[in-house]
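Here is a short briefing on one protein structure. Look at the chain first, then read the points below.

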Amino acid sequence: MEAKEGLPEFDAKVIDQALEAAQRHGETLRAETISHETPLADGQLKVSAQCISVTVNNGEVCLNLPLGIGSVCLPVPSWIPNGTAAQACLDICTKWGIPCGVEVTVSVAGQQIIQKGFGCSC
């Protein structure tokens with residue numbers, strides 16, 4: 001998918017900081033696994049990246065996602081009118097410090113209305 005201009009998107013610097021935290025975790029896990037300190041570690045980690053403001057338009061929220069995922073539109077329930085301010089939060093899913101997907105959670109007035117994963121699950 002390709003990112004579309006004009007859609008809300010997450011700050012690349014914040015994404016990089018979240019990825020760096022996941023990489024540090026992966027390095028620690030690898031070192032502990034080699035030394036057999038953490039034999040049950042599966043390497044999975046979900047890192048919160050950022051929340052941004054979005055607006056409901058035509059029964060959906062559209063935004064650009066990082067990591068080459070591109071533009072996505074997520075449907076919202078019909079009881080939420082067009083023009084409603086919402087919040088989209090991004091979590092990055094990693095395995096052994098390597099990003100493999102994201103989860104997007106959309107909330108309106110503090111109530112989670114939709115959550116969608118792209119790539120591996122967290």
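This is a predicted model: local features need pLDDT of at least 70, side-chain atom pairs count only at pLDDT 80 or more; totals for chains, interfaces and linings use all residues.

**The nonpolar core**
- The largest nonpolar core holds 29 residues, and L65, L90 and V106 touch the most other members.
- The elements that give two or more residues to this core are α1 (12–34), β1 (44–55), β2 (60–65), β3 (70–75), β4 (85–95), β5 (98–108) and β6 (111–119).
- In soluble globular proteins, nonpolar side chains tend to be buried together.

**The disulfide of C51 and C89**
- The count of disulfides comes to three.
- In one of them, the sulfur atoms of C51 and C89 are 1.9 Å apart.
- C51 lies in strand β1 and C89 in strand β4, so the bond ties together parts 38 residues apart in sequence.
- C51 is partly exposed at 38% relative accessibility, whereas C89 is buried at 18%.

**The disulfide of C62 and C73**
- The sulfur atoms of C62 and C73 are 2.0 Å apart.
- This pair links strand β2, which holds C62, to strand β3, which holds C73.
- C62 is buried at 19% relative accessible area, but C73 is partly exposed at 40%.

**The disulfide of C100 and C120**
- The sulfur atoms of C100 and C120 are 1.8 Å apart.
- C100 lies in strand β5 and C120 in the segment after β6, so the pair ties together parts 20 residues apart in sequence.
- The torsion about the S-S bond of C100 and C120 is about 60°, so this disulfide is right-handed.

Note on methods:
Residues are numbered from 1 along each chain as its sequence is written. Side-chain values use heavy atoms; hydrogens and water are left out. A nonpolar core is a set of buried Ala, Val, Leu, Ile, Met, Phe, Trp, Tyr and Cys residues joined through side-chain atoms within 4.5 Å. Buried means under 20% relative accessible area, exposed over 50%, partly exposed in between (1.4 Å probe, protein chains only). Helices (H or I, at least four residues) and strands (E, at least two) are DSSP runs, numbered from the N terminus. A disulfide is a pair of cysteine sulfur atoms within 2.5 Å.
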